[in-house]
Amino acid sequence: MQVDVAVLGGGNAALCGAINAALAGCSVLVLESAPKPYRGGNSRHTRNFRCMHQGPVGPLTGAYLEDEYFDDLIKVTKGQTDEILARKAIRESEACFAWMHTQGIRFQPSLSGTLSLSRTNAFFLGGGKALVNALYRRAEQLGVRVRYQTEVTHVDMRDNRVAEVVFTDEQGAENRVQPRAVIAASGGFQGDTDWLERAWGPGAQNFLIRGTQYNRGVVLRDLLDQGAQSVGDPTQCHAVAIDGRAPKFDGGIASRLDCVPFSVVLNQNGQRFYDEGEDVWPKRYAIWGRLVAAQPSQIGHVIIDSRSLNLFMPSLYPPLVSDTLEGLVEQMGLPTGASLASISAFNAACANDLSGFRPTELDGLATRGIEPAKTNWARPITEPPFYGYTLRPGVTFTYLGLKVDQAARVQMQDGPAENLWAAGEIMAGSILGQGYLAGFGMTIGTVFGRQAGQEAGAYVKHR
Ligand SMILES: Cc1cc2nc3c(=O)[nH]c(=O)nc-3n(C[C@H](O)[C@H](O)[C@H](O)COP(=O)(O)OP(=O)(O)OC[C@H]3O[C@@H](n4cnc5c(N)ncnc54)[C@H](O)[C@@H]3O)c2cc1C
């Protein structure tokens, strides 16, 4: 099969690469392992991207300049980032806004209750699904060929060059293509729960995967095995605590639960294990994935009373409900004695005067004399009916990835690959050593996807 550029994957990073390679005049083939209705990987679950800007633009308010953006990144990664690549992503995010608009993506102001991101993050009108559809439409207008249900199984590297790409087609038959340049944009490895287990231990089989099941790290593993340099740590990932009843894959953002700050959270043994009110939820939801992952059976149990039911975004699944705490903990499968003792101890540690309770700000209404303390919004759980949810770790994406340079070129052990570039989750670990900055996944994919497409296009044309 004759093709200039093969793009491995069919999410945002892949399509940005495919579009730019096509704009450079190349014939482009996108190999997407998902069937068409599920195309677009994790990108189809997204809502926004984080964008540097000098002043109000589109729905973005105020200004968000490079140094503030970089400081925000340093805070969440605790300095574990490649500054050169990070600053490139930040600076070039500014041009992405107009570029995305040209490709047919439309934006909208952020909704209220969405983590207060109106200054820093541009929200996609219609969400990630509309973004993905717009990019596919644009790619197809430019003549990009897309094959669905085609899983790339091997990228044959010879002397630091891709010689051939092997993939299985819709019928499960093995196919081969010899492109002149390749863009790897096939995501992280979170869909391979056995790989997660090797990194995290057996408890990883209890994790839920918030996005696509097709990001199994097949291309990542294959390239690492052939001497591609890796970045990042296999145990680092973006993981949040989500409703334990969410499906194993693809639950998306709807399975998020925002009630933790107004609750007590017990583990399977009926014990509290962390300060539920440490900070406002947008600043804490991402640490709860790891906290729950560290508990027995990787499960947490959130309990609130009737006073708190309307203080957070409604949940996708209705909570368990009972007129008594005893009835609720029994329904939740918790040990009754230990759970009621934990809640009683918590209730007794709450202040008598609750007039300072302010659900939308840090109110300092703290427990006294128990461990762990609850440092804000500590109201006793006493007003029936009582409500309960289970929490599970929900993995968004893994950080172990391919090392790239500023041109998005994959680095092999003995030098840069000649005709292989990488973009998106598969290389995001270069920038995200740990932690996460909301909206930065799409920024990394868009900036490095565009770069990879441009570089692959230039390589094909000037060779
Ligand atoms: C629920 C949820 C909400 C999120 N919200 C946001 C948000 O609002 N803003 C933000 O910035 N980030 C968000 N993220 C993170 C964001 O989705 C990712 O950072 C981003 O989409 C990565 O883009 P990508 O193109 O690298 O990967 P993906 O979009 O996941 O694309 C990878 C593609 O590779 C394909 N693929 C995998 N293996 C193979 C193979 N062997 N052969 C062929 N194809 C293969 C997959 O099918 C998929 O199409 C969210 C993630 C989730 C799960």
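Two strands pair if DSSP finds at least two bridges between them. Helices (H or I, at least four residues) and strands (E, at least two) are DSSP runs, numbered from the N terminus.

I note that this is a predicted model, in which local features need pLDDT of at least 70 and side-chain atom pairs count only at pLDDT 80 or more, while totals for chains, interfaces and linings use all residues. I number residues from 1 along each chain as its sequence is written.

**Sheet.** I looked up an open sheet of six strands with mixed pairing, in the order β6-β2-β1-β10-β20-β19. β6 (145–147) and β19 (409–412) are the edge strands with a single partner each, so one side of each has no neighbour in the sheet. On average, neighbouring strands here are turned by 30° against each other, direction ignored; axes are lines fitted to C-alpha atoms, for helices over the stretch in contact, and angles run from 0 to 180 degrees between N-to-C directions. I then checked β2 (residues 28–31), which pairs with β6 in the parallel sense over three bridges. Val30 has Val146 in β6 as its bridge partner.

**Domains.** I took the bounds from an automatic or database domain assignment. They give domain 1 (5–234 + 399–462) and domain 2 (239–394). I find their C-alpha centres 35 Å apart. The contact (C-beta atoms, placed from the backbone, within 7 Å) takes 15 residues from domain 1 and 17 residues from domain 2.

**Core.** I looked up the largest nonpolar core, which has 135 residues. Such a core is a set of buried Ala, Val, Leu, Ile, Met, Phe, Trp, Tyr and Cys residues joined through C-beta atoms within 7 Å. A residue is buried with 20 or more other C-beta atoms within 10 Å of its own, exposed with 12 or fewer, and partly exposed in between, C-beta atoms being placed from the backbone. Val7, Ala18, Ile183, Ala184, Val410 and Ala422 touch the most other members. Helix α10 (residues 440–462) gives the most to this core, nine residues. Both domain 1 and domain 2 give residues to this core, so it lies between them. Leaving out residues up to four places away in sequence, Ala18 touches Val7, Val28, Val30, Ala139, Val144 and Gly453.

**Backbone.** I list two cis peptide bonds: Glu371 to Pro372, omega about -10°, and Pro384 to Pro385, omega about -5°. Pro372 lies in the loop between α9 (336–349) and β17 (386–398), and Pro385 is in the loop between α9 and β17. Lys78, not a glycine, has a positive phi of about 50°.

Key. Contact = placed C-beta atoms within 7 Å.
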